[in-house]
Amino acid sequence: MPTFLISPPSETEWRMGEDDFEQRLRSRWPDADVRRHDDPERTYGLEFTLRDDGPPVIGGLEREGWTVFVEGEPEQAARIARWFRDQVPPEQPLLFYDQEYSAQVELGADTQVEELAAPFG
């Protein structure tokens, strides 16, 4: 499965705490399997598995609280990116891109799932 990232384009003061992220995630996907990792050596302190449309999607919130990774098909990852955009203050810029940096899409308030997935499909 390809890996996608959602993050600000540069370092920022904005952060989302793990508790806040988990609460919002469970609000949208009540059946999400969420795991916390106490090991400070791990990049992602919170990981999740979603069973939405298609195969399970694995993701996580980076310890710093401003990057989300998603392992899944482009459209699945784009749906999570679209959801995450709505959780972040509108003035905070976000990008959606693949781990290989082959493409990136600015994730604006009106960006549609199809627009996000298109460069990767």
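This is a predicted model: local features need pLDDT of at least 70, side-chain atom pairs count only at pLDDT 80 or more; totals for chains, interfaces and linings use all residues.
## Overall fold

The chain contains three helices and seven strands. In sequence order, these elements follow the pattern β-α-β-β-β-β-α-β-β-α. The radius of gyration of the chain is 13 Å, close to the 14 Å that the globule rule gives for 121 residues, so the chain is as compact as a globular protein of that length.

Taken along the principal axes, the box filled by the C-alpha atoms is roughly 35 × 35 × 25 Å. Of the 121 residues, 50% count as buried. Among contacts in the chain with a separation of 6 or more, residues 24 or more positions apart account for 50%.

## Packing of helices α1 and α2

Two packed helices are described by the angle between their axes and the distance between the axes. Helix α1 covers residues 18–28 and helix α2 covers residues 74–87. The two pack at an angle of about 125°, and their axes are 11 Å apart. Helices α1 and α2 are therefore oblique to each other. Their crossing is right-handed. On the α1 side, the contact is made by Phe 21, Arg 24, Leu 25 and Arg 28. On the α2 side, it is made by Trp 83, Phe 84 and Gln 87. Sorted by class, the contact of α1 with α2 has four nonpolar residues, one polar residue and two charged residues.

## Two residues of helix α2

Trp 83 lies in helix α2 and is one of the residues that make the contact with α1. Its relative accessible area is 10%, so Trp 83 is buried. Apart from neighbours within four places in sequence, Trp 83 is in contact with Phe 21, Arg 24, Leu 25, Arg 28 and Trp 29. Trp 83 and Gln 104 are 21 residues apart along the chain, and their C-alpha atoms are separated by 17 Å.

Arg 85 is also found in helix α2. With a relative accessibility of 6%, Arg 85 counts as buried. Not counting residues up to four places away in sequence, Arg 85 touches Pro 90, Gln 92, Pro 93, Leu 94, Leu 107, Gly 108 and Ala 109. Ala 109 is 24 residues from Arg 85 in sequence, and the two are 6.9 Å apart in space, C-alpha to C-alpha.

Leu 61 is found in strand β4, which spans residues 57–62. Its relative accessibility is 0%, so Leu 61 counts as buried. Once neighbours within four places in sequence are left aside, the residues in contact with Leu 61 are Met 16, Gly 17, Glu 18, Phe 21, Tyr 44, Gly 45, Leu 46, Trp 66, Thr 67 and Val 68. Among these is Phe 21, which also takes part in the contact between α1 and α2. Arg 24 is 37 residues from Leu 61 along the chain, with a separation of 12 Å between their C-alpha atoms.

## Residues in loops

Gln 92 lies in the loop between α2 and β6, the latter being residues 95–98. Beyond residues up to four places away in sequence, Gln 92 touches Pro 8, Thr 12, Trp 14 and Arg 85.

Pro 56 lies in the loop between β3 (44–50) and β4. Residues up to four places away in sequence aside, Pro 56 touches Thr 49, Leu 50, Arg 51 and Glu 71. Pro 56 and Leu 107 are 51 residues apart in sequence and 23 Å apart in space, C-alpha to C-alpha.

Tyr 101 is found in the loop between β6 and β7, where β7 is residues 104–106. Although Tyr 101 is not a glycine, it has a positive phi of about 60°.

Terms used. Residues are numbered from 1 along each chain as its sequence is written. Side-chain values use heavy atoms; hydrogens and water are left out. Axes are lines fitted to C-alpha atoms, for helices over the stretch in contact, and angles run from 0 to 180 degrees between N-to-C directions. Helices (H or I, at least four residues) and strands (E, at least two) are DSSP runs, numbered from the N terminus. Angles under 35 degrees count as roughly parallel, over 145 as roughly antiparallel, 65 to 115 as roughly perpendicular and the rest as oblique. A crossing is left-handed if the near helix is turned anticlockwise from the far one by less than a right angle, and right-handed if clockwise. Contact means heavy atoms within 4.5 Å. Ala, Val, Leu, Ile, Met, Phe, Trp, Tyr, Cys and Pro count as nonpolar, Asp, Glu, Lys and Arg as charged, and the others, Gly among them, as polar. The radius of gyration is taken over C-alpha atoms; the globule rule is 2.2 Å times the number of residues to the power 0.38. Buried means under 20% relative accessible area, exposed over 50%, partly exposed in between (1.4 Å probe, protein chains only).
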